[in-house]
Amino acid sequence: MPLFRRHRHVDPLVCREFVQLVSDYLEGALPEDQRLRFEAHLAECDGCEGYLEDMRRVVDSLHAVPLAPPEPATREALLRAFRDLRGG
Amino acid sequence: MAVDDDEDLLIRLRAGDEEAFEEFVVHHDSALRRVARTFVRTPSAADEVVQETWLAVLRGLSGFEARSSLRTWVFRILMNRARTAATREARQVPFSTLDEDDPSVFEPGFGRDGRWISAPARLDGDPERQLLSRELRQHLLDAVDNLPPGQRVVITLRDIVGLDADDVCELLDLTDVNQRVLLHRARARVRAELVPWVENRQ
């Protein structure tokens, strides 16, 4: 078992694996040794660096998506309900 | 920090501050609608779920004990209503299953050695911010709408609404790992859906 771990540890990460680990990396969910392998690969692979940056942009852009406000009628109805509950 | 914001908001809501309530509604209504839409078939059914949710929120405000954030509480109420509505429609929502497509399907660009055959397509960035270009951002929600239901609800709650992983696991009854798998597949697929917009233009 220790031998296996050691072997895994020095195994360089390939692009296919990198792509699968991107969210775990962004979520801070990679164990230390995996994170080091991930970052080592990132430092030497332009394709994966670009992929990671695009994924970051996708996530940040989703955070920034402007969501439409409710219809005025819906808003009015809810405000009425809010008032009624306060008053009643 | 979020808890302090909550405290302030809660005080205003309980005091009957209409402006606070309106702000709260404007802020969350559309996200609630998007999440509801992943459970029920029609927009009008989703509207109904959201309306029921807001009324339940109003009725529950005085009893809210702040054991979770206000936002998470609202989404928990929504989720319960939406599940009930989905059951009424006899609709199955397979949120905890992972037999949805694998992202590697969308990234066929690897050789037998597992490396990129050629570098993956790049999405255009916004020159001023660390975001996608304005044009690509217009297609983001369509890409999310095209996802399988489990991926769609997870990416909506995590990346659009901004709930944290623990809350989403609890709301959807997912394990940590499954939540991350769904989130990752969703993001990878959304990215892949945007690629043709970049390639077709050139």
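In helix H2 of chain A, A:Cys15, A:Phe18, A:Val19, A:Val22 and A:Leu26 meet A:Gly47, A:Cys48, A:Tyr51, A:Leu52, A:Met55 and A:Val59 of H4(A). Contact here means that the C-beta atoms of two residues, placed from the backbone, lie within 7 Å. This is a predicted model, in which local features need pLDDT of at least 70, side-chain atom pairs count only at pLDDT 80 or more, and totals for chains, interfaces and linings use all residues. Residues are numbered from 1 along each chain as its sequence is written, while chains are lettered from A and ligands numbered from 1 in the order in which they are written.

**Helix packing in chain A**
- The residues of the contact of H2(A) with H4(A) comprise 10 nonpolar, 1 polar and no charged.
- Nonpolar covers Ala, Val, Leu, Ile, Met, Phe, Trp, Tyr, Cys and Pro, charged covers Asp, Glu, Lys and Arg, and the others, Gly among them, are polar.
- Helices are DSSP runs (H or I, at least four residues), numbered from the N terminus.

**Chain A against chain B**
- Chain A has 36 residues in contact with 41 residues of chain B.
- Helix H2 (15-26), helix H4 (46-63) and helix H5 (72-87) of chain A each give two or more residues to the side that touches chain B.
- H4(A) gives the most to that side, with 13 residues.
- That side of chain A divides into 21 nonpolar, 5 polar and 10 charged residues.

**Domains of chain B**
- Domain 1 (2-88) and domain 2 (105-199) are given by the domain assignment of chain B, which is automatic or from a database.
- Their contact takes 8 residues from domain 1 of chain B and 10 residues from domain 2 of chain B.
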